[in-house]
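These are my notebook entries on a single chain. I record what I looked up, entry by entry.

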Amino acid sequence: MGRAIGLLAFLTCLFCFVTVANAEDASITVTGAHANPTLLGVTTGVVYFTLSNHGATPDALTGAATPAAESAELHEDVMTGDVMSMKKIDTLPLPPGAAVTLAQGKYHLMLTGVKSPLKPGDTVPLTLTFEKHAPIEIDVPVIKPVKTPVPSSMPPGMHMDMLFESPKQSDANLS
Ligand SMILES: [Cu+2]
């Protein structure tokens with residue numbers, strides 16, 4: 001009898017745990033994930049996405065990994081005068097009830113040591129890790145950057161599409 005109650009308690013606990021885990025899994029979503037194609041001869045790439053924290057508690061993105069590159073680091077774009085540079089950040093805070101978007105001029109995920117060139121139509125498997133939430137695995141499509149329209153939140157000067165024009169010229173030179 002005691003054994004049966006013990007088992008019941010165990011199963012109930014297990015059920016509670018599963019329910020809580022499911023609730024937590026739903027509290028962070030990743031949307032709009034995309035990677036830019038890599039430039040000719042360049043082994044760094046960038047990935048953008050939006051993280052939404054639907055939960056009631058703060059969380060943070062603490063890391064990322066992909067088999068397609070040697071490392072995936074969170075970078076913040078820093079504007080010093082007219083010069084755009086970037087610095088590595090260890091965690092990206094995700095306040096409850098808010099969405100944080102990685103976008104040009106704000107944040108990006110930088111892939112270094114990309115193993116084979118990322119071309120439009122490819123997908124990059126990506127694992128995101130969080131302070132509290134369970135890791136999330138997504139497949140990130142590689143999409144050619146859209147030239148227009150420029151998102152209204154971004155000053156036109158910050159657009160970096162010109163960078164993506166050089167491979168075309170190189171391709172033409174090669175043929
Ligand atoms: Cu970077």
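Which residues touch the most other members of the largest nonpolar core? I treated a nonpolar core as a set of buried Ala, Val, Leu, Ile, Met, Phe, Trp, Tyr and Cys residues joined through C-beta atoms within 7 Å. I found 28 residues in this core, and Ala35, Val47, Leu61, Leu109 and Val124 touch the most other members. Two or more residues each come from β1 (28–35), β2 (44–53), β3 (59–65), β4 (69–80), β6 (92–94), β8 (107–114) and β9 (123–130). The largest share, five residues, belongs to β2. Strands here are DSSP runs of E, at least two residues long, numbered from the N terminus. I note that nonpolar side chains tend to be buried together in soluble globular proteins.

Basis of the entries. I worked on a predicted model, in which local features need pLDDT of at least 70, side-chain atom pairs count only at pLDDT 80 or more, and totals for chains, interfaces and linings use all residues. Residues are numbered from 1 along each chain as its sequence is written.

Leu61. I looked up its contacts (C-beta atoms, placed from the backbone, within 7 Å). Leaving aside neighbours within four places in sequence, Leu61 is in contact with Leu51, Leu74, Thr91, Leu92, Leu94, Leu128 and Phe130.

Thr123. Beyond four places in sequence, Thr123 is in contact with Asp139, Val140, Pro141 and Val142. Thr123 and Asp139 are 16 residues apart in sequence, yet 5.8 Å apart from C-alpha to C-alpha.

Strand β4. I counted strands as paired if DSSP finds at least two bridges between them. β4 pairs with β8 in the antiparallel sense over seven bridges, and Glu76 stands opposite Tyr107 in β8. Six bridges join β4 to β5 (residues 83–88), also antiparallel, where His75 has Lys88 as its bridge partner. The hairpin of β4 and β5 has two residues between the strands, and Gly81 takes a positive phi near 65° there.

Confidence. I checked pLDDT, the predictor's confidence in each residue from 0 to 100. The protein averages 80, and 69% of the residues score at least 70. Over residues 10–25 pLDDT is below 50, with three contacts beyond near neighbours in sequence. Residues 156–175 stay under 50, with 15 contacts beyond four places in sequence. Where pLDDT is low, the predicted coordinates should not be read in detail.

Key: A residue is buried if 20 or more other C-beta atoms lie within 10 Å of its own, exposed if 12 or fewer, and partly exposed in between; C-beta atoms are placed from the backbone. Helices (H or I, at least four residues) and strands (E, at least two) are DSSP runs, numbered from the N terminus. Two residues are in contact if their C-beta atoms, placed from the backbone, lie within 7 Å.
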